[in-house]
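The following exercises are to be worked with the sequence and the model at hand. Each task is followed by a solution in steps.

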Amino acid sequence: MSIRKASHAGSWYSDSHKELSRQLDNWLNLADLTHGPARAIIAPHAGYQYCGACSAFAYRQVSPVVVKRVFILGPSHNVRLSGCALSSAVKYRTPFYDLIVDTQVYSELDSTGHFVRMELDVDEEEHSIEMHLPYVAKVMADYKDSVTIIPVLVGSLSPEDEALYGRIFSRYLSDPDSLFVISSDFCHWGHRFRYTYYDSSQPEIHLSIAKLDRMGMDIIETMNPTAFTDYLKKYGNTICGRHPIGVLLQAALQLIRAGKHKMSLKFLKYAQSSQCRNMNDSSVSYAAASLTIE
């Protein structure tokens, strides 16, 4: 019965319960509730000093009173993975309290034959899921005894596989008790990321990056997975959570086709780690979005 430790606490975010609570409260108080209650959110997974304030705009849209299960889909940064993997842990540590893995949903996902299990060391090395756990624990604190989490590590999926996993997750997305957390940063720009796209119509590099990201965000808001795939092929934007986003869009497409739900996906905040002005600079972009379903 493995417990996943909070391996990035004390470096990527504070390991002090008191300090972390103060930070998250401050960021959440600065964000407005404008597009909720969220059935799914898109939020970044960098160190909190860079993206904590941006993430708050997504988590502010969550209504904890209705959420019973939190699906966290994060991209794999460290291991090659062609499908999706589930955790071998039964609990995830946070500086606040332990989050419990939903073994029933895990069993249902296992039964599809399309999921593998990741080893605990792989889980603890990866940051894309963990960086959302303090926010989940904070927002769900009053309901901590009734909420479970479903961590899913998402590999390098083909469009066909994104559609397959979208079909699997669509039944859960349609359930008001569910919240989907889609973990993604946006453009990673600079030589260290081997990506230096520049739109010469823009007077500054950081404005070119923002224009490129906004183009992708606008497409995501249409919830058209094919258009998003085409955008990525054309521009190569280094959106690290492109496959978790693709799975969400495919799941939403299933509900759109069923014609039973009214959905709206909206980006609420955008930020960059720094403003690139020359080719020796680098930056990572962050964006927060909320999907509502009626």
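**Exercise 1.** Determine which residues of α6 and α9 meet, and describe how the two helices cross.

*Solution.* Step 1. On the α6 side, the contact (heavy atoms within 4.5 Å) includes Pro159, Glu162, Tyr165, Arg167 and Phe169; on the α9 side, it includes Arg242, His243, Val247, Leu248 and Leu255. The model is a predicted one, in which local features need pLDDT of at least 70 and side-chain atom pairs count only at pLDDT 80 or more, while totals for chains, interfaces and linings use all residues. Residues are numbered from 1 along each chain as its sequence is written, and side-chain values use heavy atoms, with hydrogens and water left out.

Step 2. By class, this contact of α6 with α9 has 10 nonpolar, 6 polar and 3 charged residues.

Step 3. Helix α6 spans residues 159-173 and helix α9 residues 242-258; their axes come within 7 Å and cross at roughly 60°. The pair is therefore oblique, the class for angles that are not under 35 degrees (roughly parallel), over 145 (roughly antiparallel) or 65 to 115 (roughly perpendicular).

**Exercise 2.** Find the angle at which α7 and α8 pack, and the residues through which they meet.

*Solution.* Step 1. Helix α7 (residues 205-221) packs against helix α8 (residues 225-235) at about 160°, and the axes are 9 Å apart. The two are therefore roughly antiparallel.

Step 2. Leu212, Asp213, Met215, Gly216, Ile219 and Ile220 of α7 meet Ala227, Phe228, Tyr231 and Tyr235 of α8. These residues divide into 8 nonpolar, 1 polar and 1 charged.

**Exercise 3.** Is serine 285 buried or exposed, and which side chain does its own side chain contact?

*Solution.* Step 1. Serine 285 lies in strand β12, residues 283-293. Its relative accessibility is 0%, so serine 285 is buried (under 20% relative accessible area, with exposed over 50% and partly exposed in between; 1.4 Å probe, protein chains only).

Step 2. Leaving out residues up to four places away in sequence, serine 285 touches Ile209 and Asp213, among others. The C-alpha atoms of serine 285 and isoleucine 209 are 8.3 Å apart, although 76 residues separate the two in sequence.

Step 3. The side chain of serine 285 makes a polar contact with that of aspartate 213 at 2.7 Å.

**Exercise 4.** State where histidine 188 lies and which backbone oxygen its side chain reaches.

*Solution.* Step 1. Histidine 188 belongs to strand β10, residues 188-189. Histidine 188 counts as buried because its relative accessibility is 13%.

Step 2. Its side chain reaches the backbone oxygen of phenylalanine 186 at 2.8 Å.

Definitions and conventions. Helices (H or I, at least four residues) and strands (E, at least two) are DSSP runs, numbered from the N terminus. A polar contact is a pair of N or O atoms within 3.5 Å; within protein, one must be able to donate a hydrogen and the other to accept it, and residues adjacent in sequence count only if both atoms are side-chain atoms. Axes are lines fitted to C-alpha atoms, for helices over the stretch in contact, and angles run from 0 to 180 degrees between N-to-C directions. Ala, Val, Leu, Ile, Met, Phe, Trp, Tyr, Cys and Pro count as nonpolar, Asp, Glu, Lys and Arg as charged, and the others, Gly among them, as polar.
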